[in-house]
Amino acid sequence: MAEKGSLVVISGFSGAGKGTVVKELEKLGGNYWTSVSMTTRRPRPGEEEGLSYYFVTREEFEKTIEENGFLEYAAFVDNYYGTPRKYVEEKLAEGRDVILEIESNGGSQVKTFFPEAILIFITAPSAGELAQRLRGRGTEAASVVEGRLRKAREESFIIDQYDYLLVNENGKARECAEQIHEIIRKDRYAPRRQQAFIRKLQDGFAELIERHLQENGP
Ligand code: 5GP
């Protein structure tokens, strides 16, 4: 079986419902730990420090970059967002499956440094549906909605770099989370996730051949 936890990147257009899907995933009883990112964006109503994000100044963010404190980071619509490195590495070593809910530039960085990561992209059923969800949120100015649609178009060209593309249908976040749960479960059986076990098999064969030669001659 897999040795360390899985590193799972969940990206998707703003308004695709990633946050809800991740909450549903946590309820499915896996061994999940969701990373809390650092951002320079202001908190939205209802968001809490240390739960939604660590809200920091640009200076604090840049200091963390200099200290190599991020696993990945990216600028997204005028703000910085980054994954603090330390906790992610600790939780993976403990065998937890770590969920990163991040945008696609960050996803590409993770794939470069952690080729074994599972990259999942979530979308709404259509561009029109996505726009409607963004406007319906009502917490953003029209210019912000437009910025997010432009960003969504850009991100649509990066989807190919992902391992999986899932549609989060209206009101079906639970189903989407179940699909992710299944993907993570199956990934445990991938050989690249079982390197120590494969080495043990190889050493075992070498040892048996050696013994066979000693007992029976060449
Ligand atoms: P929001 O402002 O809506 O909370 O997030 C904007 C975008 O930033 C979302 O696509 C979200 O997934 C992404 N994001 C959140 N945290 C991180 C992070 O640590 N790194 C990167 N690269 N993107 C992030």
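This is a predicted model: local features need pLDDT of at least 70, side-chain atom pairs count only at pLDDT 80 or more; totals for chains, interfaces and linings use all residues.
Helix 1 gives the most to the lining of the largest pocket, contributing 6 residues.

The largest pocket has a volume of about 1,000 Å³. Its lining is made up of 35 residues, among which Gly19, Glu47, Ser52, Tyr53 and Glu101 lie nearest the centre of the pocket. At least two residues of this lining come from each of helix 1 (18–26), strand 5, strand 6, strand 7 (97–101) and helix 6 (142–156). Sorted by class, the lining of the largest pocket comprises 11 nonpolar, 12 polar and 12 charged residues.

The elements that supply two or more residues to the shell around the ligand are strand 5 (70–76) and strand 6 (79–84). There are 16 residues around the ligand, and those that come nearest are Ser37, Arg41, Tyr53, Tyr81 and Glu103. By class, the shell around the ligand holds 5 nonpolar, 4 polar and 7 charged residues.

| Residue | Protein atom | Distance from a ligand oxygen atom |
|---|---|---|
| Lys18 | N or O atom in the side chain | 2.8 Å |
| Tyr53 | N or O atom in the side chain | 2.5 Å |
| Thr83 | polar backbone atom | 3.3 Å |

How much of the ligand does the protein bury? Taken alone, the ligand exposes 510 Å², and 95% of that area is buried by the protein.

One backbone feature may also be noted. Asn68, although it is not a glycine, has a positive phi of about 60 degrees, and Asn68 is placed in the loop between helix 2 (58–66) and strand 5.

How values were computed: Residues are numbered from 1 along each chain as its sequence is written. Side-chain values use heavy atoms; hydrogens and water are left out. A residue is near a molecule or strand if one of its heavy atoms lies within 4 Å of it. A polar contact is a pair of N or O atoms within 3.5 Å; within protein, one must be able to donate a hydrogen and the other to accept it, and residues adjacent in sequence count only if both atoms are side-chain atoms. Accessible areas come from the Shrake-Rupley method with a 1.4 Å probe; for residues, only the protein chains shown count as cover. Helices (H or I, at least four residues) and strands (E, at least two) are DSSP runs, numbered from the N terminus. Ala, Val, Leu, Ile, Met, Phe, Trp, Tyr, Cys and Pro count as nonpolar, Asp, Glu, Lys and Arg as charged, and the others, Gly among them, as polar. On a 1 Å grid over the protein atoms alone, a cavity is a set of points where a 1.4 Å probe fits but cannot get out, and a pocket is an open set with protein on both sides within 12 Å along at least five of seven lines; lining residues have an atom within 4 Å of a point. Grid points are joined across faces, edges and corners, and a volume is the space filled by probe spheres set on the points.
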